[in-house]
Amino acid sequence: MSKVLITTIPFADKDRLPLELLENANIDYLINPLNKKLTEDELAEIITDFDVVIAGTEMITAKVMDCATNLKMISRVGIGLDSVDLVSAKERGIIVSYTPDAPSPAVAELTFGLIFSLLRSIHVSNSQLHEGKWDRFFGRRLSEVTLGIIGVGRIGGRVIRRTKSFGSPRLLVNDIDNSKRPDLIDFKLDWVSKEKIYNEADIISIHTPLTNVTKNMITKDVLLDMKKDAIIINTARGGIINEQDLYEVMKSGHLSGAAIDVFEK
C-alpha cells in the first residue's frame, strides 16, 4: 500500500473528493498533524516512510529528501516550485509535479478584489463605519487608470483578459517572454520595460515566480520611482517586494495603497 503525506492545509475541508479518491485507490494517507506550515526539521521528522508528498509551500530540501528513503513523488498543490530543491529531487529520482492551472482563476479574481478595494477605499470605509465614522472617499474608475502587469503567465494573462469587463484600462505589460500571445490578440498591450511600468502605472500588479532574479525585485528606490498615489499589488510570492522597504516608503506618505497576499514569513 502506498503512503501519502499531505502537508498542505487546509486540505479537503470543503470537499472530501480528494480524500475519497485516495481511499478508493487503497492509498493510506496522513494529513499534516501539526496543522501549520511545517519547518524543514518538522517535515524531515514526519516524512520518513512516505512514498508521496502532496505539498504546500514548505521547504522540501535535500535534507528533507535524505530523511525520506521511500519518497518517489512530490506533488505541489498550486503554482510555483521555488520551495522544492529540484536538483536534489532529480538526483534522487523523485518525480516533481504541480497544479499551475488550478489556483490561477481564483488568484486573478482576488487581484481584482484587491484593486477595487484600494481604488474605492472599501476596506477603509468598512473599518471606519464600524468605529462610528462616516467619510466619503473619492474613488477612481479602473477604466480611467493605467494598469501595469509584471508577469504575463497563467495569472497575469487572466488578469488582462478580465479587464475587458471593466472598460479596458490602458495596459502596460512586461514579461521575460514578450512573444505574441494568441489569447491576448484582442487586447491593446504596450510591452514595455519594468521601469516604464514603475514610472507610469497607477496600479502595478505582480505575477512573477520567485527566483534569484525576482528576489527583492522591488526595493525602496523602485517604490519611490512610482507615482505618489500609485497602488501596488503582490499576489505572487513573498520576497519579490522588500517588505521593510515597502513599510518605510508607505510610512513616508508615498503610494496610496498596497495589497499583499503573500509574505516572506
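Keep in mind that the model is predicted.

Now the geometry. Two packed helices are described by the angle between their axes and the distance between the axes. Here α5 covers residues 104-120 and α7 covers residues 154-162. Their axes come within 9 Å and cross at roughly 50 degrees. That angle is why α5 counts as oblique to α7. The crossing of α5 past α7 is right-handed.

Which residues touch the most other members of the largest nonpolar core? They are Ile115, Leu142, Ile149, Ile160, Leu189, Ile203 and Ile233, out of 23 residues in that core. The elements giving two or more residues to the core are α5, α7 and the strands β6 (146-150), β7 (170-174) and β10 (231-234). With six residues, α5 gives the most.

Take Ile160 as an example. Leaving aside neighbours within four places in sequence, Ile160 is in contact with Ile149, Val152, Leu171, Val173, Leu184, Phe187 and Leu189. There is also a second, separate core, this one of 21 residues, and its members include Ile150, Met226, Ile232 and Ile240.

Stepping back to the whole chain: the protein has ten helices and eleven strands. Of its 265 residues, 43% count as buried. The C-alpha trace spans about 60 × 50 × 35 Å along its principal axes. Among contacts between residues at least 6 apart in sequence, 57% join residues at least 24 apart.

Last, some backbone details in the loops. Where is the cis peptide bond? It joins Ile9 and Pro10, with omega about -10 degrees. Pro10 lies in the loop between β1 (3-6) and α1 (17-24).

Two residues other than glycine have a positive phi, Asn35 near 55 degrees and Ser168 also near 55 degrees. Asn35 sits in the loop between β2 (28-31) and α2 (40-46). Ser168 is in the loop between α7 and β7, which brings us back to the helix we began with.

Are these two buried or exposed? Asn35 has a relative accessible area of 58%, so it counts as exposed. Ser168 has 43%, so it counts as partly exposed.

Terms used: Residues numbered from 1 in each chain as written. Predicted model: local features only at pLDDT ≥ 70, side-chain atom pairs only at ≥ 80, totals over all residues. Heavy atoms only, no water. Axes fitted to C-alpha atoms, helices over the stretch in contact; angles between N-to-C directions. Helix = DSSP H or I, 4+ residues; strand = E, 2+ residues; numbered from the N terminus. Parallel < 35°, antiparallel > 145°, perpendicular 65-115°, else oblique. Left-handed = near helix turned anticlockwise from the far one by under 90°. Core = buried A, V, L, I, M, F, W, Y, C linked by side-chain atoms within 4.5 Å. Buried < 20%, exposed > 50% of the residue type's maximum accessible area, 1.4 Å probe, protein only. Contact = heavy atoms within 4.5 Å.
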